Amino acid sequence: MVKIGILVSGRGSNMVSIIRACNEGKIDGEVVTVISDNPDAPALAKAHSLGVEAVYIDPSPGKVVLKGEGERRYIEHLKSRNVDLVCLAGFMRIVKSGLLKEFRGRIMNIHPSLLPSFPGLEAQKQAIDYGVRFSGCTVHFVDESVDGGPVILQAVVPVFQNDTPESLAERILKEEHRIYPEAIQLFAQGKLEIKGRKVFIKEEAWKR
Ligand code: GRF
(Lines give C-alpha, C1' and ligand atoms only; values in the text may rest on other atoms or scores of the structure.)
Protein backbone atom coordinates (compact mmCIF):
# COMPACT_ATOMS: atom_id res chain seq x y z
CA MET A 1 0.00 0.00 0.00
CA VAL A 2 1.44 3.29 -1.12
CA LYS A 3 1.26 6.07 1.44
CA ILE A 4 0.12 9.25 -0.25
CA GLY A 5 0.53 12.84 0.93
CA ILE A 6 -1.52 15.48 -0.92
CA LEU A 7 -0.57 19.17 -1.09
CA VAL A 8 -3.45 21.59 -1.73
CA SER A 9 -4.24 25.31 -1.66
CA GLY A 10 -7.94 25.59 -2.45
CA ARG A 11 -11.06 23.68 -3.40
CA GLY A 12 -9.63 20.16 -3.30
CA SER A 13 -11.79 18.37 -5.87
CA ASN A 14 -8.83 16.35 -7.17
CA MET A 15 -7.90 15.54 -3.58
CA VAL A 16 -11.41 14.19 -3.01
CA SER A 17 -11.23 12.06 -6.17
CA ILE A 18 -7.93 10.55 -4.97
CA ILE A 19 -9.23 9.83 -1.44
CA ARG A 20 -12.39 8.24 -2.89
CA ALA A 21 -10.39 6.11 -5.34
CA CYS A 22 -8.32 4.81 -2.40
CA ASN A 23 -11.45 4.08 -0.36
CA GLU A 24 -13.03 2.26 -3.31
CA GLY A 25 -9.95 0.10 -3.87
CA LYS A 26 -9.15 1.72 -7.23
CA ILE A 27 -5.77 2.78 -5.86
CA ASP A 28 -3.65 0.35 -3.84
CA GLY A 29 -2.85 3.13 -1.44
CA GLU A 30 -3.96 5.34 1.39
CA VAL A 31 -3.97 9.11 1.75
CA VAL A 32 -2.17 9.50 5.06
CA THR A 33 -2.05 13.29 5.16
CA VAL A 34 -3.21 16.43 3.39
CA ILE A 35 -1.23 19.65 3.77
CA SER A 36 -2.48 23.09 2.81
CA ASP A 37 -0.45 26.28 2.52
CA ASN A 38 -3.72 28.19 2.97
CA PRO A 39 -5.48 27.97 6.34
CA ASP A 40 -8.83 28.79 4.70
CA ALA A 41 -8.66 26.16 1.94
CA PRO A 42 -12.03 24.36 1.64
CA ALA A 43 -9.96 21.23 0.94
CA LEU A 44 -9.04 21.00 4.65
CA ALA A 45 -12.66 20.55 5.80
CA LYS A 46 -13.37 18.18 2.90
CA ALA A 47 -10.45 15.94 3.90
CA HIS A 48 -11.55 15.96 7.56
CA SER A 49 -15.07 14.96 6.59
CA LEU A 50 -13.61 12.00 4.71
CA GLY A 51 -11.66 11.01 7.81
CA VAL A 52 -8.24 12.04 6.51
CA GLU A 53 -5.71 14.05 8.51
CA ALA A 54 -5.51 17.56 7.07
CA VAL A 55 -3.24 20.30 8.37
CA TYR A 56 -2.25 23.84 7.51
CA ILE A 57 1.52 24.23 7.51
CA ASP A 58 3.07 27.69 7.32
CA PRO A 59 4.90 27.87 3.98
CA SER A 60 6.79 31.11 4.68
CA PRO A 61 9.20 32.68 3.86
CA GLY A 62 8.47 31.71 0.23
CA LYS A 63 5.61 33.59 -1.43
CA VAL A 64 5.72 31.76 -4.76
CA VAL A 65 8.36 29.09 -4.16
CA LEU A 66 8.30 26.64 -1.25
CA LYS A 67 11.71 27.14 0.31
CA GLY A 68 13.72 27.61 3.51
CA GLU A 69 11.99 26.96 6.84
CA GLY A 70 8.62 26.45 5.15
CA GLU A 71 9.99 23.74 2.89
CA ARG A 72 11.73 22.11 5.85
CA ARG A 73 8.42 21.97 7.77
CA TYR A 74 6.68 20.32 4.79
CA ILE A 75 9.45 17.73 4.36
CA GLU A 76 9.47 16.90 8.07
CA HIS A 77 5.72 16.39 8.18
CA LEU A 78 5.68 14.21 5.03
CA LYS A 79 8.55 12.10 6.39
CA SER A 80 6.89 11.78 9.80
CA ARG A 81 3.92 10.17 8.00
CA ASN A 82 6.22 7.88 5.95
CA VAL A 83 4.84 9.28 2.70
CA ASP A 84 5.93 7.37 -0.44
CA LEU A 85 4.23 9.61 -3.01
CA VAL A 86 3.52 13.35 -2.88
CA CYS A 87 0.58 14.51 -5.03
CA LEU A 88 0.20 18.19 -5.80
CA ALA A 89 -3.49 18.93 -6.33
CA GLY A 90 -4.08 22.60 -6.92
CA PHE A 91 -1.04 23.50 -4.80
CA MET A 92 -0.26 27.08 -5.75
CA ARG A 93 3.44 27.11 -4.87
CA ILE A 94 6.45 26.10 -6.92
CA VAL A 95 8.25 23.09 -5.49
CA LYS A 96 12.03 23.25 -5.69
CA SER A 97 15.31 21.60 -4.73
CA GLY A 98 14.75 20.43 -1.13
CA LEU A 99 11.46 18.61 -1.62
CA LEU A 100 12.61 17.33 -5.01
CA LYS A 101 15.79 15.89 -3.50
CA GLU A 102 13.83 14.17 -0.75
CA PHE A 103 11.11 12.78 -3.07
CA ARG A 104 12.75 12.58 -6.51
CA GLY A 105 10.55 10.64 -8.93
CA ARG A 106 7.88 10.52 -6.24
CA ILE A 107 6.12 13.87 -6.73
CA MET A 108 3.20 14.16 -9.18
CA ASN A 109 1.16 17.12 -10.35
CA ILE A 110 -1.97 17.64 -12.42
CA HIS A 111 -2.23 20.53 -14.84
CA PRO A 112 -5.35 21.61 -16.79
CA SER A 113 -3.82 21.66 -20.29
CA LEU A 114 -2.07 19.35 -22.71
CA LEU A 115 1.50 20.13 -21.68
CA PRO A 116 3.84 21.48 -22.93
CA SER A 117 1.11 23.84 -24.17
CA PHE A 118 -0.13 26.44 -21.72
CA PRO A 119 1.93 25.90 -18.55
CA GLY A 120 1.52 28.21 -15.56
CA LEU A 121 -1.58 30.04 -14.41
CA GLU A 122 -4.99 30.27 -16.15
CA ALA A 123 -4.27 27.38 -18.52
CA GLN A 124 -7.90 27.17 -19.66
CA LYS A 125 -7.99 30.91 -20.53
CA GLN A 126 -4.66 30.53 -22.36
CA ALA A 127 -6.15 27.71 -24.47
CA ILE A 128 -9.26 29.73 -25.34
CA ASP A 129 -7.27 32.88 -26.13
CA TYR A 130 -4.95 30.89 -28.40
CA GLY A 131 -7.89 29.38 -30.27
CA VAL A 132 -7.00 25.69 -30.01
CA ARG A 133 -9.70 23.13 -30.89
CA PHE A 134 -8.61 20.64 -28.23
CA SER A 135 -7.19 20.97 -24.75
CA GLY A 136 -7.19 18.65 -21.75
CA CYS A 137 -5.15 17.75 -18.73
CA THR A 138 -1.78 16.23 -17.90
CA VAL A 139 -0.49 14.23 -14.94
CA HIS A 140 3.28 14.52 -14.77
CA PHE A 141 6.19 13.94 -12.45
CA VAL A 142 7.53 17.14 -10.97
CA ASP A 143 11.05 18.29 -11.73
CA GLU A 144 12.89 21.63 -11.44
CA SER A 145 10.86 23.19 -14.25
CA VAL A 146 7.38 24.68 -13.92
CA ASP A 147 4.86 22.16 -15.35
CA GLY A 148 7.64 20.59 -17.42
CA GLY A 149 8.37 17.21 -15.84
CA PRO A 150 7.95 13.78 -17.50
CA VAL A 151 4.36 13.17 -18.66
CA ILE A 152 2.51 10.20 -17.15
CA LEU A 153 -1.05 10.43 -18.54
CA GLN A 154 -3.05 12.94 -20.58
CA ALA A 155 -6.70 13.28 -21.54
CA VAL A 156 -8.12 15.37 -24.38
CA VAL A 157 -11.33 17.42 -24.46
CA PRO A 158 -12.75 19.60 -27.26
CA VAL A 159 -12.73 23.38 -27.00
CA PHE A 160 -15.96 24.93 -28.31
CA GLN A 161 -16.28 28.37 -29.86
CA ASN A 162 -18.58 29.62 -27.14
CA ASP A 163 -16.49 28.22 -24.29
CA THR A 164 -15.56 30.43 -21.36
CA PRO A 165 -12.58 29.58 -19.13
CA GLU A 166 -15.16 28.28 -16.62
CA SER A 167 -17.03 26.00 -19.03
CA LEU A 168 -13.77 24.60 -20.38
CA ALA A 169 -12.41 24.14 -16.85
CA GLU A 170 -15.50 22.13 -15.93
CA ARG A 171 -15.08 19.81 -18.94
CA ILE A 172 -11.39 19.33 -18.20
CA LEU A 173 -11.97 18.75 -14.47
CA LYS A 174 -14.06 15.63 -15.16
CA GLU A 175 -11.05 14.15 -16.95
CA GLU A 176 -8.69 15.28 -14.17
CA HIS A 177 -10.75 13.30 -11.67
CA ARG A 178 -10.40 10.23 -13.89
CA ILE A 179 -6.72 10.29 -14.88
CA TYR A 180 -5.10 11.46 -11.62
CA PRO A 181 -6.26 8.36 -9.67
CA GLU A 182 -5.28 6.20 -12.70
CA ALA A 183 -1.76 7.61 -12.73
CA ILE A 184 -1.42 7.08 -8.99
CA GLN A 185 -2.57 3.48 -9.31
CA LEU A 186 0.05 2.85 -12.02
CA PHE A 187 2.66 4.23 -9.60
CA ALA A 188 1.28 2.12 -6.74
CA GLN A 189 1.56 -1.00 -8.90
CA GLY A 190 5.17 -0.18 -9.76
CA LYS A 191 4.27 0.23 -13.43
CA LEU A 192 5.90 3.62 -14.05
CA GLU A 193 9.51 3.93 -15.12
CA ILE A 194 11.14 7.31 -15.72
CA LYS A 195 13.83 7.24 -18.43
CA GLY A 196 15.19 10.72 -19.11
CA ARG A 197 12.24 12.92 -19.85
CA LYS A 198 9.92 10.04 -20.72
CA VAL A 199 7.73 7.82 -18.60
CA PHE A 200 7.32 4.22 -19.72
CA ILE A 201 4.23 2.33 -18.57
CA LYS A 202 4.73 -1.38 -17.91
CA GLU A 203 1.24 -2.46 -18.83
CA GLU A 204 0.08 -4.53 -21.79
CA ALA A 205 -2.33 -1.88 -23.06
CA TRP A 206 0.51 0.63 -23.28
CA LYS A 207 3.13 -1.57 -24.94
CA ARG A 208 2.48 -0.33 -28.44
C1 GRF B 1 -7.13 21.87 -11.14
O2 GRF B 1 -7.66 22.40 -12.32
C3 GRF B 1 -5.73 21.39 -11.35
O4 GRF B 1 -5.51 20.90 -12.64
C5 GRF B 1 -4.92 22.64 -11.13
O6 GRF B 1 -5.57 23.32 -10.10
C7 GRF B 1 -6.95 22.96 -10.07
C8 GRF B 1 -7.22 22.44 -8.70
O9 GRF B 1 -8.57 22.15 -8.50
N10 GRF B 1 -3.54 22.30 -10.84
P11 GRF B 1 -9.00 21.34 -7.23
O12 GRF B 1 -8.50 22.11 -6.01
O13 GRF B 1 -8.42 19.98 -7.31
O14 GRF B 1 -10.50 21.32 -7.26
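**Entry 1: the sheet**

Strands count as DSSP runs of E with at least two residues, helices as runs of H or I with at least four residues, both numbered from the N terminus. I took two strands as paired if DSSP finds at least two bridges between them. Axes here are lines fitted to C-alpha atoms, for helices over the stretch in contact, and angles run from 0 to 180 degrees between N-to-C directions.

The model is predicted: local features need pLDDT of at least 70, side-chain atom pairs count only at pLDDT 80 or more, and totals for chains, interfaces and linings use all residues. Residues are numbered from 1 along each chain as its sequence is written, and side-chain values use heavy atoms, with hydrogens and water left out.

**Entry 2**

Buried means under 20% relative accessible area, exposed over 50%, and partly exposed in between, for a 1.4 Å probe and protein chains only. In a regular strand the side chains alternate between the two faces of the sheet.

Strand β1 (residues 2–8) runs parallel to β5 and is joined to it by four bridges. Within that pairing, I6 stands opposite C87. On to β7 (residues 107–111), the pairing with β5 is again in the parallel sense, over three bridges. C87 stands opposite M108 in β7, and the bridge partner of L88 in β7 is N109.

I checked the cover of β7 and found five of its five residues buried. I107, N109 and H111 lie on one side, M108 and I110 on the other. β7 pairs with β8 in the antiparallel sense over four bridges, and N109 stands opposite H140 in β8. Strand β8 (residues 134–141) pairs with β9 in the antiparallel sense over seven bridges. There I recorded V139 opposite L153 in β9.

**Entry 2: helices**

I then turned to α5 (residues 123–130) and α6, whose axes come within 9 Å and cross at roughly 115 degrees. The crossing of α5 past α6 is right-handed, a term for the near helix being turned clockwise from the far one by less than a right angle, whereas anticlockwise is left-handed. Q124, K125, A127 and I128 in α5 meet P165, L168, A169 and I172 in α6, where contact means heavy atoms within 4.5 Å.

**Entry 3: cores and domains**

I looked up the nonpolar cores, each a set of buried Ala, Val, Leu, Ile, Met, Phe, Trp, Tyr and Cys residues joined through side-chain atoms within 4.5 Å. The largest has 45 residues, and I6 and M108 have the most contacts inside it. Helix α6 (residues 165–188) gives the most to this core, with eight residues. The core lies between domain 1 (1–104) and domain 2 (111–208), because both give residues to it. A second, separate core of 18 residues includes I57, I75, F91 and L99.

Listing the contacts of I6, with residues up to four places away in sequence not counted, I found M15, I18, V31, T33, V34, I35, C87 and A89.

The domain bounds come from an automatic or database domain assignment. The C-alpha centres of domain 1 and domain 2 lie 19 Å apart. Their contact takes 21 residues from domain 1 and 15 residues from domain 2.

**Entry 4: N38**

Where is N38 found? I located N38 in the loop between β2 and α2. N38 is partly exposed, with a relative accessible area of 25%. Its contacts, again without residues up to four places away in sequence, are S9, L44 and Y56. Between the C-alpha atoms of N38 and F134, which are 96 residues apart along the chain, I noted a separation of 32 Å.
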